[in-house]
Amino acid sequence: MKHFWENEYVVTAGYYSVAILCMVVFLAVFELVTKYRNWDEIKKGNISVAMATGGKIFGVANIFRHSINQHDSLLTMVSWGVFGFLLLLIGYFIFEFLTPKFNIDIEIENDNRAVGLISMVISIGLSYIIGAGI
């Protein structure tokens, strides 16, 4: 049975399923901290919300990519992935803080595509920085 758990296909499936579960949890957290409902807005065709949400998905996936590459156990991978997610979440709040002239969430909800695009790029960019540190 020990060889089963060391099989590269089983290990890959394990990392994949745990990362997907974490992604779902993290997206639920992002849903709680934004003033708009991500999936309702996307269903309505709000491109800005789709870009911002897509950036968050890409960012979290990129953080887990680095975490999987750098750590040899599932628990360590998840720990670093959660830490990376928290840093990404802090980056979201810093972005909100650094734009006092307008509210990021309201602009994205109103389909301001420039704000949606910059939000996406910030999430993706920060994920590379976070991943390098992991």
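Me: This is a predicted model. Which residues of H4 and H7 meet?
Reply: From H4 come Ile47, Ser48, Met51, Ala52, Gly55, Lys56, Phe58, Gly59, Asn62, Ile63 and His66. They meet Arg113, Gly116, Leu117, Ser119, Met120, Ser123, Ile124, Ser127, Tyr128, Ile130, Gly131 and Ala132 of H7. By class, this contact of H4 with H7 holds 11 nonpolar, 10 polar and 2 charged residues.

Me: How do I describe the way two helices pack?
Reply: Two packed helices are described by the angle between their axes and by the distance between the axes. Take H4 and H7. Their axes come within 7 Å and cross at roughly 5°. Angles under 35 degrees count as roughly parallel, so H4 is roughly parallel to H7.

Me: At what angle do H2 and H5 cross, and how close do their axes come?
Reply: The axes of H2 and H5 cross at roughly 25° and come within 11 Å. That angle makes H2 roughly parallel to H5. The crossing is right-handed.

Me: Which residues make that contact?
Reply: H2 gives Gly14, Tyr15, Val18, Cys22, Phe26, Val29, Phe30 and Val33. H5 gives Leu74, Met77, Val78, Gly81, Val82, Phe85, Leu88, Leu89, Tyr92 and Phe93. Sorted by class, the contact of H2 with H5 has 16 nonpolar residues, 2 polar and no charged.

Me: Now H2 and H4. What is their crossing angle?
Reply: Roughly 140°. Here H2 covers residues 8-33 and H4 covers residues 47-70. Their axes come within 10 Å. H2 passes H4 in a right-handed crossing.

Me: Where do H2 and H4 meet?
Reply: On H2, look at Tyr15, Ala19, Cys22, Met23, Phe26, Leu27 and Phe30. On H4, look at Thr53, Lys56, Ile57, Val60, Ala61, Phe64 and Ile68. The contact of H2 with H4 has 12 nonpolar residues, 1 polar and 1 charged.

Me: How is empty space found inside a structure?
Reply: Rolling a probe the size of a water molecule over the atoms shows where empty space is left. In this model the count is 1 cavity of 30 Å³ or more. The largest cavity holds about 60 Å³ of space.

Me: Which residues line the largest cavity?
Reply: The lining is Phe30, Lys56, Leu88, Gly91, Tyr92, Phe95, Ser119, Ile122, Ser123 and Leu126. Helix H5 (74-97) and helix H7 (113-133) each supply at least two of the lining residues. By class, the lining has 6 nonpolar, 3 polar and 1 charged residues.

Me: How many helices and strands does the chain have?
Reply: The protein chain has 7 helices and 0 strands. Along the sequence the pattern reads α-α-α-α-α-α-α. The C-alpha atoms fill a box of roughly 55 × 30 × 20 Å, taken along the principal axes.

Key:
Residues are numbered from 1 along each chain as its sequence is written. This is a predicted model: local features need pLDDT of at least 70, side-chain atom pairs count only at pLDDT 80 or more; totals for chains, interfaces and linings use all residues. Side-chain values use heavy atoms; hydrogens and water are left out. Axes are lines fitted to C-alpha atoms, for helices over the stretch in contact, and angles run from 0 to 180 degrees between N-to-C directions. Helices (H or I, at least four residues) and strands (E, at least two) are DSSP runs, numbered from the N terminus. A crossing is left-handed if the near helix is turned anticlockwise from the far one by less than a right angle, and right-handed if clockwise. Contact means heavy atoms within 4.5 Å. Ala, Val, Leu, Ile, Met, Phe, Trp, Tyr, Cys and Pro count as nonpolar, Asp, Glu, Lys and Arg as charged, and the others, Gly among them, as polar. On a 1 Å grid over the protein atoms alone, a cavity is a set of points where a 1.4 Å probe fits but cannot get out, and a pocket is an open set with protein on both sides within 12 Å along at least five of seven lines; lining residues have an atom within 4 Å of a point. Grid points are joined across faces, edges and corners, and a volume is the space filled by probe spheres set on the points. Angles under 35 degrees count as roughly parallel, over 145 as roughly antiparallel, 65 to 115 as roughly perpendicular and the rest as oblique.
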